[in-house]
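Here is a short briefing on one protein model. Look at the structure first, then read the points by topic.

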Amino acid sequence: MMKLLALSISGTAMAQDANENPAPTNDEIVVTAQFRAQNLQDTPLAITAVSGELLAARGQTNVSEIAAQAPNVTLKPQGQELGPGIIAFIRGVGQTDPNFALEPGVGMYIDDVYLPTLTGSLLDLTDLDRVEVLRGPQGTLAGRNSLGGSIKLYSKKPTGSNTGSIEVTYGRYNRLDARGLFDVKLSDNLFMRVAGVTKNVDGYVKRLDYNLTHPGTNVPTFARGADPELGKLGGQSYAAGKVSLRWQPTETVDINLSGDYTRERNEPGANVLLFANTSAAFDGPNATFTGGRPFLQGTNGAGIPLNCAFVPNGVNSCDTLSGYDRRYVSYATYADPARPDSQMPFKPTFNDPHSDLDNYGAALTIDVDLSDELKLKSISSWRKYTADWSYDSDGSPIANNNLNQTQKNRQWSQELRLSGKVMDDRLDFTVGGFYFDTRGTFTGRINLNYAGIDFLHGPDPTPAKNKALFGNFTFALAEGANLTGGIRQSWDEKDYVYVRRNPDGSAIQGPCNFFLGAPTAGPVGLGNQPNCLLFGLNGLTANFRDSRVDWRVAADYRFSPDLMAYAQVSTGYRAGGVNPRPFFPSQATAFRPETITAYEVGFKSDLFDRKLRINVSAFFNDYKNIILSSVNCLDLATAGPGGSSQATPCLRPSNVGSAHVKGFEVETLIRPVENFTIDGSVSYLDFQYQNVDTASTGVTLKDVTPYTPKWKAAVGFQYDIPDVLKGDVIVRLDGAYQSKIYTEAANIDSLAVSSTVAAGQFGFNNPGGGGSIATLRLSNRIDGYILANARIGWTSADKDWGLTFEVQNLTNKYYFTTLLQEAFGSGTASGAPGRPRTWSVTARRSF
């Protein structure tokens with residue numbers, strides 16, 4: 001186990017591919033971060049590597065969990081509103097929106113195959129050789145240029161070992177996982193590996209019928225009987241499989257072909273209402289101004305406002321629910337029972353609560369040794385996915401914001417690398433090319449009652465291409481001293497077509513009668529054509545074209561066998577584009593590419609007879625034209641006809657400003673005594689805007705990018721106890737801390753909002769909903785928290801049997817993974833609570 005931890009430390013290097021390089025010793029790890037075999041401690045890069053064995057020791061089963069131990073890295077499952085995907089930020093660079101119009105700031109890869117969207121990137125960690133987290137711009141190395149860094153997953157390759165394993169897990173919330181794999185030799189030079197996994201667990205947020213849990217209420221029931229539980233949120237039903245073939249026709253040729261398929265049929269993501277403040281009526285009464293149209297008509301015929309009565313827990317709650325843990329309760333119905341009228345004739349509508357994903361593809365990797373000093377690698381891939389999910393934003397029976405969305409993607413990519421050594425092995429080089437072609441579409445039934453629109457979005461096609469040439473060169477100046485240079489030329493192109501129709505497929509008519517002088521209460525009042533505010537969007541096209549040169553220069557010097565230092569400067573680039581979700585033609589705006597120049601210094605050391613390994617990096621980034629999404633288009637407050645507002649609804653990517661980002665990262669492995677190891681990390685990040693576009697985005701100089709904590713820290717303790725019941729016992733405790741984060745570009749710590757705020761006041765789209773709490777508190781801050789996990793496992797001496805008991809969220813901490821603040825538009829804010837304390841038991845049989 002000592003060797004295992006040395007191999008899998010969250011250190012600053014990639015783990016090696018055991019099939020390409022000699023196996024490392026206990027104190028020496030061979031890595032290939034710069035396309036050549038190097039000792040881990042000789043690599044002048046900030047990289048966290050985690051082996052498959054350490055992932056199992058920590059009980060980590062999806063890629064978001066590895067961020068706990070990775071400095072200055074945040075990986076979170078997407079909130080319910082954006083479906084099956086991930087939020088990824090490294091050193092303050094990242095993205096929350098999975099739409100094709102935006103490139104992720106952090107590149108996600110499976111076996112060197114690039115994934116272009118956050119959707120479909122919440123990857124399972126089954127049968128992995130290692131996970132690599134590369135921090136800082138990755139513009140001159142393999143794959144696609146990635147501004148903030150890269151997350152790379154590498155599967156285990158077939159070896160023909162004729163071995164396998166079966167693993168079954170049972171735990172709280174009826175968790176039932178099963179994993180299996182086998183590796184078989186088909187012939188002397190042909191091997192096959194098959195791996196499969198299923199994961200099933202019940203949701204932990206209960207959807208309750210408000211009528212049945214609040215006797216005497218005016219709210220109608222949505223239950224089918226006497227059971228107040230309508231369903232759950234946060235449950236998972238996941239199945240995936242992968243088949244890999246490896247053919248070695250000669251000693252110099254290695255061909256790997258793989259195919260994989262993932263099927264998810266999950267409940268919607270966990271979501272609870274935290275803030276509710278909007279009136280009982282749709283925007284705009286009839287032409288004679290005699291009353292509004294209610295979001296939800298009560299049993300007495302009156303409209304029901306959305307206010308603190310439907311917030312189950314927290315400072316904005318006046319709920320009277322009893323008998324349930326209100327922290328994990330939602331009153332979402334996924335139903336809009338509104339009565340149809342001439343302006344909204346497409347009612348009622350009902351969504352099936354779900355979050356589905358079908359994700360599959362194939363990859364072919366060919367490695368050819370052209371000579372002892374020259375190697376060629378080809379990586380070809382084709383992938384496709386379909387994600388479909390529903391979202392009940394208001395978390396209540398009041399249907400003011402209800403969506404169903406579908407995102408599809410088809411992609412293929414090709415990468416070639418030629419690596420070699422010349423000048424008596426003093427110069428290592430890799431040159432290559434990358435080609436990426438994707439065809440994505442986004443479709444949605446976007447039912448925004450709070451804005452008076454209910455329409456079909458799409459399918460919006462977003463074809464895109466990326467082409468690049470790159471090179472990386474390392475020259476040995478003298479013994480222990482190296483100079484590395486890299487360069488990359490990128491070409492990007494992306495097109496976007498807006499398709500907007502009524503829910504029945506008919507064309508949207510306009511302009512709104514209100515703008516033509518009709519005596520209506522507003523553009524969405526009775527007397528207007530349905531969805532006329534969207535008139536003019538259908539058929540609009542936009543495109544983006546750009547090219548960019550990125551470069552890297554690094555120097556490293558080994559002062560002694562125990563200490564190496566390095567310094568580097570590198571650049572990165574993320575393509576621009578156009579807003580994919582305009583609700584008015586005025587919101588169909590472009591955003592420019594963002595760029596970064598990164599400066600980094602660091603050292604890597606093994607001290608005290610290699611009992612202490614400590615690696616340190618410090619960085620400064622000049623980050624320009626930062627692309628973040630705004631939920632309030634402040635610059636369009638009077639952009640409509642007659643000075644009307646087009647500021648909300650809004651979800652618009654914008655160049656919010658430029659910033660200086662500096663920080664440091666420390667990673668360590670300590671082996672104080674035999675059989676006892678301590679691994680840990682700590683990181684600090686100071687994000688300071690230098691200029692911002694406050695007038696358009698609301699971002700101020702004091703704000704920071706979303707999902708970027710100032711401090712992160714993690715520590716793991718592991719003690720191995722030999723000779724227990726003819727086997728070995730491993731006891732492990734992991735703890736991780738992150739300081740506060742904000743989840744929107746414009747940070748809100750705590751904003752006081754009157755429950756009777758007027759429409760248009762302070763940017764709120766609709767009037768407040770009243771209720772017994774006079775002043776509500778609005779925030780998009782997640783406070784800092786500590787999470788701890790514990791595991792104890794036994795493995796037989798021959799490694800054939802294993803049994804593990806684990807507890808996650810050991811202290812039962814109540815915390816949020818994501819927040820969504822839509823208060824200025826829909827009048828709500830919600831959050832995704834993390835799972836409470838869970839336990840599980842895992843049995844494993846190897847053969």
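Which residue in β16 does leucine 190 stand opposite? Leucine 190 stands opposite tryptophan 247. The model is predicted: local features need pLDDT of at least 70, side-chain atom pairs count only at pLDDT 80 or more, and totals for chains, interfaces and linings use all residues. Residues are numbered from 1 along each chain as its sequence is written, and side-chain values use heavy atoms, with hydrogens and water left out.

**Strands that run antiparallel**

- Strands here are DSSP runs of E with at least two residues, numbered from the N terminus.
- Two strands pair if DSSP finds at least two bridges between them.
- Strand β12 (residues 175–187) pairs with β13 in the antiparallel sense, over 11 bridges.
- A hairpin links β12 to β13 through 2 residues.
- Valine 184 has methionine 192 of β13 opposite it.
- Strand β13 (residues 190–201) is joined to strand β16 (residues 236–250) by 12 bridges, and the two run antiparallel.
- Phenylalanine 191 stands opposite arginine 246 in β16.
- Strand β16 also has 11 bridges to strand β17 (residues 253–266), again antiparallel.
- Lysine 242 has aspartate 260, in β17, as its bridge partner.
- The hairpin of β16 and β17 has 2 residues between the strands.
- In a regular strand the side chains alternate between the two faces of the sheet.

**An open sheet**

- An open sheet is formed by 3 strands in the order β15-β14-β19, with mixed pairing.
- Its edge strands are β15 (229–233) and β19 (329–330), and each pairs on one side only.
- Strand β14 (residues 205–208) runs antiparallel to β15, and 4 bridges join them.
- Lysine 206 has lysine 232 in β15 as its bridge partner.

**Nonpolar cores**

- A nonpolar core is a set of buried Ala, Val, Leu, Ile, Met, Phe, Trp, Tyr and Cys residues joined through side-chain atoms within 4.5 Å.
- Buried means under 20% relative accessible area, exposed means over 50%, and partly exposed lies in between (1.4 Å probe, protein chains only).
- The largest nonpolar core has 34 residues, and Phe310, Ile398 and Leu448 have the most contacts inside it.
- Two or more residues of this core come from each of β18 (272–276), β25 (427–448) and β26 (453–478).
- Another core, of 24 residues, lies apart from it and includes Ala57, Ile86, Val133 and Leu153.
- Contact means heavy atoms within 4.5 Å.
- Beyond its neighbours within four places in sequence, phenylalanine 310 is in contact with residues including Tyr210, Leu273, Tyr331 and Ile398.

**A cavity and its lining**

- Rolling a probe the size of a water molecule over the atoms shows where empty space is left.
- A cavity is a set of points, on a 1 Å grid over the protein atoms alone, where a 1.4 Å probe fits but cannot get out; lining residues have an atom within 4 Å of a point.
- Grid points are joined across faces, edges and corners, and a volume is the space filled by probe spheres set on the points.
- There are 10 cavities of 30 Å³ or more.
- The second largest cavity has a volume of about 650 Å³.
- The second largest cavity is lined by 42 residues, and Val631, Cys650, Leu651, Leu820 and Glu822 lie nearest its centre.
- Strand β45 gives the largest share of this lining, 4 residues.

- Asparagine 621 sits in strand β34 (residues 612–630).
- Why does asparagine 621 count as buried? Its relative accessible area is 3%.
- Leaving aside neighbours within four places in sequence, asparagine 621 is in contact with residues including Arg91, Tyr599 and His660.
- Threonine 817 is found in strand β45.
- Threonine 817 is buried because its relative accessible area is 16%.
- Tryptophan 412 lies in strand β24.
- Tryptophan 412 counts as partly exposed because its relative accessibility is 37%.
- Tryptophan 412 and threonine 438 are 26 residues apart in sequence and 6.6 Å apart in space, C-alpha to C-alpha.

Key. 1 Å grid on protein atoms, 1.4 Å probe; cavity = no way out; pocket = protein on both sides within 12 Å on 5 of 7 lines; lining within 4 Å.
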